[in-house]
Amino acid sequence: MQVIRDAGGTAADPPRTVADAAAVADGLDDPRLRDLDETVRGFMAAADTPGTGGRATARLAVVLLGIAANGGRRIDLVASPSLDGLRSRLRGESRPEAPAMPRSLVALLDEAVLTWRTTSDADFWHAMAATAARPRGMPPVQHLREQAALLAVVAELGRHDVRPRWLWATAAEKADLVDVLITAGAGRAEPVEAVLNRVRTLTRGADPVPRAVAAELAQMAVAALAGVTTAPPPDRRGAVRLEDRPPGPNATAQEAADHRAREDLRSTAHALVALGGGTRDRLAAHLFRGRLSALYVDMREQARQYAPRSDRDLPGKARHRRLLEVLGPLDGTLVDALDRWSAALATRSPEAWRYVQVARAAQDAIEGVLGRMNAAGADTPLFPVGSPEQVRVGIAVRAVAVELGLEAGEVLLGDVAPPGDLLAGLRLRLAEVREDQKRLTYERDARMQGPLLATVALRPKYLAALGGPLVRTLTATATAFDAAFNTAFATAPPDPAYVEAAADHLLDAAQQARAAGAALRDFDRHEVVHLADLIQEIVAERLERCPAPLPAKGAALRATIPTLPLPAAGTSLGHSWTVQKAEVLATLPAEIAVQVSAAMNLPLDVELDRLRALAEAHDAATEEQGWTVLRILRAYKATASRMPVSRADAKARLHSVLDAIALSVLRQLPPPAGR
């Protein structure tokens, strides 16, 4: 029997498992169905005998054309065209036949399609069963694999005919029908024939099961006849979708109560995760698991820094005040509910009943806040999509909902992760607030996979501040490093010494740029320092991908980025800020200096010194004080950004000073536990 070939002459085996299977209405999973899915995936992945798919499609030709044993030559003829020929005909698509295909073969394909369409499902499955006997001498498992491959072909060809789309009420409903088929075939001399005979009468309630859907069920059953494989445990998102089956009639009262608690928690978690709409978490909510309310409060407070886009647009402080007025007591209720959840999770108890009421209270608070924000006011939503409130607060509330739901998934798995670094969220936000870090990340990512520095990072805004000879040195060493890195990885094994030498030359040129920048005006010096930091970041990134010992060198380089005017060791951050702020203000005209000073009237120096004292004492109030300092830094960053372009030097210096304060605060925080 010939193997089906595609137009290029290569073996055209069809998919071994059923893709795009019918969906489940409630979006939940079932433990038994997970095992069956794992079974059919593993079973068909092991079917690596060349031509299995070709033989499967030839067997389908036997079914469709009714070819008897003496019609083997016609089987060869039908097995030669590609599966695409059948597929395109069944879908009513254009049929670009192979130029050398005889008209007789085209006629056979047309005949097969006509038979497919005019044969009832009952007759089709009867014919399938009639050809399902295991040939003498064929190993049972090989026979099961060929039959499973045949059923995959049937499911793939018939899926287009399932209209309207087939929808399972639950995943358990689907698994139960597969078990019906497994029972029909278990222990039988011809198990596949028994399964297919049972498929012929299979129904879902009063509804017949469409041919493609029935083929998928039968493929699972045939694979399971060789043994069911236990699926690996789900992750926490999968646990939220996994609906436990009720305990049996002989279950104890405690077992029944545990099941109800797990299902109550899973139902609440599933509803919370659904609030995220499947969007990517842009706020790193998992870093706030120690205190989820911190993420909500932080994003709420960021509304204060909103810069109006027109004269009619509300400024940040007014928006923040209006937001709190609209939410009213819902704001405090949400914070309290999230804190109670975080406290419950910190116990790491695997008992679902301990979390149910706390999770429900958090769900009510979250839905209350979102409902209030989306409520109509004067024929329009209070906070329409795209408004600063929705972009900041609405997204944060949804991110918190998803993370809380996923944390409930950990409870369902019986494996609650430890709280981790309670300051992780604060550390992230301190890093994000720094202008130097934002630019460094943006420009590093903007490189994509192009040349390292020669044509991308060395931009005119940097080069204008440097002399011609130094620019040529930077460009030459950057080009040489690109070449060394690419050449090293083109050989096997890579030559670390060659890459390291080129890296050292480039870093030396960057150091020369730093030295030259020291004599420049503030704005240009800031740009040159940023260029040197960017070079160092990119070199570190490349070295970390090289063989030892270069990754260690890359890590050491990254540890010294960025280069900022940090206060001397032992110097009070509060005093350092006061001195440097006065120096920046002294460079401004009196009128602008007064405006900037008035905008920066919060006691940052006092708050910095208080943070240092709390951090050194390992006081529990360190986290909240860190957020207080961060909010002041954000406000001052907003002030610096609004300074006129004509004061670029003072603006760059103020940003640099604030970045240094943010980095110093980050280094003052207690290290994560275990480090």
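**Helix packing and aromatic pairs in a predicted model**

Good morning. I begin with a contact between two helices, in which Tyr296, Arg300 and Glu301 of helix 13 meet His320, Leu323, Leu324 and Leu327 of helix 14. By class, the residues of this contact comprise four nonpolar, one polar and two charged. Please bear in mind throughout that the model is predicted.

How are these helices placed relative to each other? Two packed helices are described by the angle between their axes and the distance between the axes. Helix 13 covers residues 293–302 and helix 14 covers residues 316–327; their axes come within 9 Å and cross at roughly 130°.

I turn now to the aromatic residues. A pair of aromatic rings is described by the distance of the centres and the angle of the planes. How many aromatic pairs does a search of the whole structure find? The search returns six. One of the pairs is formed by Trp116 and Phe124, with 5.6 Å from centre to centre and 70° between the planes, an edge-to-face arrangement. Are these two residues buried or exposed? Trp116 has a relative accessible area of 4% and is buried. Phe124 is likewise counted as buried, because its relative accessibility is 2%, and the cut-off for that class is under 20%.

A second pair joins Trp166 and Trp168. The ring centres of Trp166 and Trp168 are 5.5 Å apart and the planes lie at 80°, so this pair is edge-to-face. Trp166 is buried, at a relative accessible area of 10%, and Trp168, at 0% relative accessibility, counts as buried as well.

Let me return to Trp116 and Phe124. Together with Trp125, they are linked by ring pairs into a cluster.

His259 belongs to helix 12, which spans residues 253–274. Its relative accessibility is 16%, so His259 counts as buried. What does His259 touch, leaving aside its neighbours within four places in sequence? The residues in contact with His259 are Asp244, Arg245, Pro246 and Pro247.

Thank you for your attention.

Terms used
Residues are numbered from 1 along each chain as its sequence is written. This is a predicted model: local features need pLDDT of at least 70, side-chain atom pairs count only at pLDDT 80 or more; totals for chains, interfaces and linings use all residues. Side-chain values use heavy atoms; hydrogens and water are left out. Rings of Phe, Tyr and Trp (its six-membered ring) pair if their centres lie within 6.5 Å; planes under 30 degrees apart count as stacked, over 60 as edge-to-face and the rest as tilted. Buried means under 20% relative accessible area, exposed over 50%, partly exposed in between (1.4 Å probe, protein chains only). Axes are lines fitted to C-alpha atoms, for helices over the stretch in contact, and angles run from 0 to 180 degrees between N-to-C directions. Helices (H or I, at least four residues) and strands (E, at least two) are DSSP runs, numbered from the N terminus. Contact means heavy atoms within 4.5 Å. Ala, Val, Leu, Ile, Met, Phe, Trp, Tyr, Cys and Pro count as nonpolar, Asp, Glu, Lys and Arg as charged, and the others, Gly among them, as polar.
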